[in-house]
Amino acid sequence: KTFRSACLPRPSRARNVAPMPEAIRGAAAPASGSSAAVRDIPPIEPRSARNAIWLAALVALSVAVVHLTPLRGYVDEIESGARPAWFHEVRARADAAGVAAGLGFVAAGSLAVALGVPRLALAFAAGAVFGWIEGAALAQIGTVLGCWTTFAVGRRLSHGAVDAIVARRFPRAKALLDFISRHEIESNLVLRLTPVGNSFATNLLFAISSSGARTFLAATFLG
């Protein structure tokens, strides 16, 4: 009996240990929120993946058309502020065509902006051809329609694929998209009014985010 009592460990006395505060327990718990959030992201469907490939192809085609074709030379001439000889011919034909010239300019201008032509080049061209007041109105309409076209196509093709890829592999980009979604108008205006901003990239960025279409149109019109 004496040998067993000497070998067996003595029971420790109960101590009055205060319970761990909730904040400390929450901090000590493993940070599995990010991994859980990634696991909650649904898998990419094959159709969404094909749409993402189409979107990448359209973006590459737009960049090639704007920067690797003679269109780049015309844009550079317009942005330089000079009025080349072909400008006078275009203006004479616009005066002769009347209202049809304005409609044609809006259609061509919206397509150009949708492809990535700088919106300032469209504004310069409109002012030189149609005058300050009418040109400003036509450039505004063409710019908004072009931005909306890029946004609509980007939203249609990026839904379910690009946003899932960004959420899985680029957490910082996902945080940027979340910030844009929370401050839709403010972020749109800041990007539009920044001198180094790119309208084409801004349209695609808002297309990938969860920004609303009406909010995008309103902020784009103001910006």
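Phenylalanine 130 is buried, its relative accessible area being 14%. The threshold explains the label: a residue counts as buried under 20% relative accessible area. This description, like everything that follows, refers to a predicted model. Phenylalanine 130 has its place in helix H8.

In sequence, phenylalanine 130 and glycine 102 are 28 residues apart. In space, the C-alpha atoms of phenylalanine 130 and glycine 102 are 8.2 Å apart.

## Packing of helices H7 and H8

Helix H7 comprises residues 99-115 and helix H8 comprises residues 119-130. The two helices pack at an angle of about 165°, and their axes are 11 Å apart. Because of that angle, H7 is roughly antiparallel to H8. The crossing of H7 and H8 is right-handed.

## Overall architecture

The protein contains 14 helices and 0 strands. Read from the N terminus, its elements accordingly follow the order α-α-α-α-α-α-α-α-α-α-α-α-α-α.

The protein has 223 residues, of which buried residues make up 30%.

## Salt bridges

Across the whole structure, a search finds 3 salt bridges. One of them lies in helix H5, which spans residues 71-79 and holds both arginine 72 and aspartate 76. The side chains of arginine 72 and aspartate 76 meet at 3.0 Å, N to O. These two residues are 4 residues apart, about one turn of the helix. Arginine 72 is buried, with a relative accessible area of 18%, whereas aspartate 76 is partly exposed, with a relative accessible area of 39%.

In helix H6 (residues 85-97), glutamate 89 and arginine 93 are separated by about one helical turn, because they are 4 residues apart. Glutamate 89 and arginine 93 form a salt bridge whose closest N and O atoms are 2.9 Å apart. Glutamate 89 has a relative accessible area of 44% and is therefore partly exposed. Arginine 93 has a relative accessible area of 59% and is therefore exposed, the cut-off for that class being over 50%.

## The pair in helix H11

A salt bridge also joins the side chains of aspartate 178 and lysine 174, at 2.9 Å from N to O. Both residues belong to helix H11 (residues 171-182), where they are 4 residues apart, about one turn of the helix.

Aspartate 178 is partly exposed, with a relative accessible area of 30%. Lysine 174 also counts as partly exposed, at 28% relative accessibility.

## A nonpolar surface patch

Leu58, Leu61 and Val153 form a nonpolar patch on the surface. Together, these three residues have about 240 Å² of accessible area.

Valine 153 is located in helix H9, which covers residues 132-158. Its relative accessibility is 37%, so valine 153 counts as partly exposed.

Technical notes:
Residues are numbered from 1 along each chain as its sequence is written. This is a predicted model: local features need pLDDT of at least 70, side-chain atom pairs count only at pLDDT 80 or more; totals for chains, interfaces and linings use all residues. Side-chain values use heavy atoms; hydrogens and water are left out. Patches are made of residues with over 30% relative accessible area and no salt bridge: like charges are joined within 9 Å, nonpolar side chains (Val, Leu, Ile, Met, Phe, Trp, Tyr) within 5 Å. Accessible areas come from the Shrake-Rupley method with a 1.4 Å probe; for residues, only the protein chains shown count as cover. A salt bridge is a side-chain nitrogen of Lys or Arg within 4 Å of a carboxyl oxygen of Asp or Glu. Buried means under 20% relative accessible area, exposed over 50%, partly exposed in between (1.4 Å probe, protein chains only). Axes are lines fitted to C-alpha atoms, for helices over the stretch in contact, and angles run from 0 to 180 degrees between N-to-C directions. Angles under 35 degrees count as roughly parallel, over 145 as roughly antiparallel, 65 to 115 as roughly perpendicular and the rest as oblique. A crossing is left-handed if the near helix is turned anticlockwise from the far one by less than a right angle, and right-handed if clockwise.
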